[in-house]
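I opened the notebook to record what I looked up in this structure. The entries follow in the order in which I made them.

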Amino acid sequence: MYLGMIVEQGDAVTLFSMPQHPYSSGLLSSVLLPHPDLVMESSVSLKGEIPSPIDLPRGCFLASRCPFVIDRCRSEMPPAEMVGPSHTVHCFRHDEVAATTPASKTFEAFVAESERILRRPARQPIRFTPQP
Ligand code: SF4
């Protein structure tokens with residue numbers, strides 16, 4: 001969701017491993033990974049001004065920050081498009097976004113590493129001895 005609008009919808013595995021909206025890819029690019037060997041393949045960088053939510057621009061709300069922006073984005077709101085079973089996206093260039101942010105295996109590794117960490121026995125609490 002960006003500025004109150006759902007820009008991409010789908011199940012968690014699909015969205016995390018095959019995002020087709022630049023905002024989804026941008027969010028995933030900024031996720032901290034739980035192991036130094038894990039590398040996020042997606043690297044969409046969103047820069048620029050965030051429009052005011054009380055004075056939204058015409059067209060796509062992400063146009064001022066999107067690295068895929070074209071002229072059409074500044075005048076037309078992209079409609080919802082089905083790109084897979086129960087996967088919808090609002091982006092004129094979702095094919096190119098998907099092509100430049102290929103299906104990531106990082107999500108599977110992320111889940112496996114997170115589960116491994118969560119299965120660890122709880123650490124002993126650190127006890128502090130007050131100094132006189
Ligand atoms: S419609 Fe245009 S500005 Fe909006 S996310 Fe897609 S490419 Fe970017």
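Predicted model: local features only at pLDDT ≥ 70, side-chain atom pairs only at ≥ 80, totals over all residues.

Entry 1. Does Ser86 count as buried or exposed? Ser86 has 9 C-beta neighbours inside 10 Å. A residue is exposed if 12 or fewer such atoms lie within that distance, and therefore Ser86 counts as exposed. I located Ser86 in the loop between β2 (81-84) and β3 (87-89). I also recorded that its phi is positive, about 50°, although Ser86 is not a glycine.

Entry 2. I then turned to Leu3, a non-glycine residue with a positive phi of about 50°. For context, I wrote down that most residues other than glycine have a negative phi. Leu3 belongs to the segment before β1 (8-9). Leu3 counts as partly exposed, because I find 14 C-beta neighbours for it inside 10 Å.

Entry 3. I looked up the sheet next. Three strands make an open sheet with antiparallel pairing, in the order β1-β3-β2. Because β1 and β2 stand at the edges with a single partner strand each, one side of each is left without a neighbour in the sheet. I followed the pairing of β1 with β3 and found 2 bridges in an antiparallel arrangement. Glu8 has Val89 in β3 as its bridge partner.

Entry 4. How many of the 8 residues of helix α2 are buried? I recorded 6 for this helix, residues 22-29, so α2 is largely enclosed by the rest of the structure. The buried residues are Pro22, Tyr23, Ser24, Ser25, Gly26 and Leu28. Their cover includes β1, α1 (12-17) and α3 (94-100).

Entry 5. Leaving aside residues up to four places away in sequence, Tyr23 touches Tyr2, Val7 and Leu62.

Entry 6. Which residues are around the ligand? I listed Pro22, Cys60, Leu62, Ala63, Cys66, Phe68, Val69, Cys73, Pro78, Cys91, Phe92 and Arg93. By class, I noted 11 nonpolar residues, no polar residues and 1 charged residue in this shell.

Conventions:
Residues numbered from 1 in each chain as written. Near = placed C-beta within 6 Å. Nonpolar A, V, L, I, M, F, W, Y, C, P; charged D, E, K, R; others polar. Contact = placed C-beta atoms within 7 Å. Helix = DSSP H or I, 4+ residues; strand = E, 2+ residues; numbered from the N terminus. Buried ≥ 20, exposed ≤ 12 C-beta atoms within 10 Å, placed from the backbone. Pairing = 2+ DSSP bridges.
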